[in-house]
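Please look over the sequence and the structure below. A short briefing comes after them.

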Amino acid sequence: MRRPCDRCGEREAVVRIESLNESICDECLSTRIWRRVKPILDEEIQTGDVIASALSGGKDSSLTLYYLWKYKKESNKDFEVFAVTIDEGTCYRAESISKAKELTSRLGVKHKIVKMSEIFAFSIPQVQVLLSKSKIKRDLCTYCGVFRRQALNIVAREKGATKVATGHNLDDMVQTLFMNLIRGDMSAMARLFSKSRSTEKLIPRIRPLAKVPEKEVTVQALLLGIPAHFGKCPLVSGMRVRVRRFLDRLEQENPGFKERAFNFIEKIVKQAIPELTYHFELKYCKLCGEPTTQELCKVCQFKQELEAEVLSTTD
Ligand SMILES: [Zn+2]
Ligand SMILES: [Zn+2]
């Protein structure tokens, strides 16, 4: 044994937790993560729920599906889980979809794969080409995020889901939180921490890994031998990348910073939510009828802009 676990002293340490100044073994890591995941599942999942687990084939969504499967097996709640993969049409996705299929067949979970272009008439590579020729100054990631979110909601709703589970980890959550701070977007901040109200068309979301740091997700997924794609999306760009680098540097200099920042802002925002809720009265898009906070949903706004680009380039 190279170095014993700082917690149990019995098994070999496999991961360093800088914020605790400890190196811990596989079992102590599993316990540590499950302690953060289970309370979220206990609170969010009820008997009778049908959970659509968004599965990209990356480590985060794969581990999320694994925990939902484990929870279903171990808890006495009677609920259903199935996986949904939205295929954006990128080469990166092709690789992760095969991992996603491997995982769902191993767990015996139903799996629905839907092409983004079938829902919106645009795939992400097509958007990328249009953007490169246009004057629109928006990151490709923004389109991917907006299109994917709505596609997921549509597919989950059509399949009778009562909740959508996503793989966002602590690092993702803190990035989003800081992006909202930078933009001064109070209503997005409030939505991030409020229990989404279920309406006829909007399926509430749950984020089982919201309190688990990315590094621990990676190590846990590897230790469990979960088939998953471990790379980052090669198309990622823009503000999120800059924010991520900035936060990673702060974390390195102040171990535990991300967790403290998340808990701190969560506490403040949750108290302020009653005053912020009027900011996000839910409406329905005038064009497609999907839920939105504006007159037109983001997807329709983006589609209109892109269609205008197509017309101007074919002139
Ligand atoms: Zn241990
Ligand atoms: Zn719309």
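This is a predicted model: local features need pLDDT of at least 70, side-chain atom pairs count only at pLDDT 80 or more; totals for chains, interfaces and linings use all residues.

Residues are numbered from 1 along each chain as its sequence is written, chains are lettered from A and ligands numbered from 1 in the order in which they are written, and side-chain values use heavy atoms, with hydrogens and water left out.

**Zinc ion (ligand 1)**

- The SG atoms of C5, C8, C25 and C28 coordinate the zinc ion (ligand 1) at 2.3 Å; donors are N, O and S atoms within 2.8 Å of the metal (3.2 Å for Na, K and Ca), and since water is not among the atoms, sites may look incomplete.
- The arrangement is tetrahedral because the four donor atoms subtend angles of 103 to 116 degrees. Four donors count as tetrahedral if all angles lie between 85 and 135 degrees; four count as square planar and six as octahedral if opposite donors are over 155 degrees apart and all others between 65 and 115, and anything else is irregular.
- Ideal angles are 109.5 degrees for four tetrahedral donors.
- Along the chain, the donors of ligand 1 follow the spacing C-x2-C-x16-C-x2-C.
- C8 lies in the segment before β1 (13–17) and C25 in strand β2 (residues 22–25), so this pair ties together parts that are 17 residues apart in sequence. Helices (H or I, at least four residues) and strands (E, at least two) are DSSP runs, numbered from the N terminus.
- C8 is partly exposed, at 31% relative accessible area, whereas C25 is buried, at 0%. Buried means under 20% relative accessible area, exposed over 50%, and partly exposed in between (1.4 Å probe, protein chains only).

**Zinc ion (ligand 2)**

- The zinc ion (ligand 2) is held at 2.3 Å by the SG atoms of C285, C288, C297 and C300.
- Its four donor atoms subtend angles of 107 to 115 degrees, which makes this arrangement tetrahedral.
- The donor residues of ligand 2 are spaced C-x2-C-x8-C-x2-C in sequence.
- C288, in the loop between β8 (283–284) and β9 (291–292), and C300, in helix α12 (residues 298–314), are 12 residues apart and link distant parts of the chain.
- C288 is partly exposed at 34% relative accessibility, and C300 is buried at 9%.

**Strand β3**

- Five of the five residues of β3 are buried. V50, A52 and A54 point one way from the strand, and I51 and S53 point the other way.
- β3 pairs in the parallel sense with strand β4 (residues 80–87) over five bridges; two strands pair if DSSP finds at least two bridges between them.
- β3 also runs parallel to strand β6 (residues 163–165), joined by three bridges.
- S53 has A83 as its bridge partner in β4 and stands opposite A165 in β6.
- β3, α2 and β4 form a right-handed β-α-β unit; a crossover is right-handed if, with the strands pointing away from the viewer, the path from the first strand over the helix to the second runs clockwise.

- G58 sits in the loop between β3 (50–54) and α2 (59–74) and is buried, with a relative accessible area of 11%.
- Not counting residues up to four places away in sequence, G58 touches A228 and H229; contact means heavy atoms within 4.5 Å.
- The C-alpha atoms of G58 and A221 are separated by 10.0 Å, with the two residues 163 apart along the chain.
- T104, in helix α3 (residues 91–107), is buried at 4% relative accessibility.
- Leaving aside neighbours within four places in sequence, T104 is in contact with L55, L65, A83, V109 and H111.
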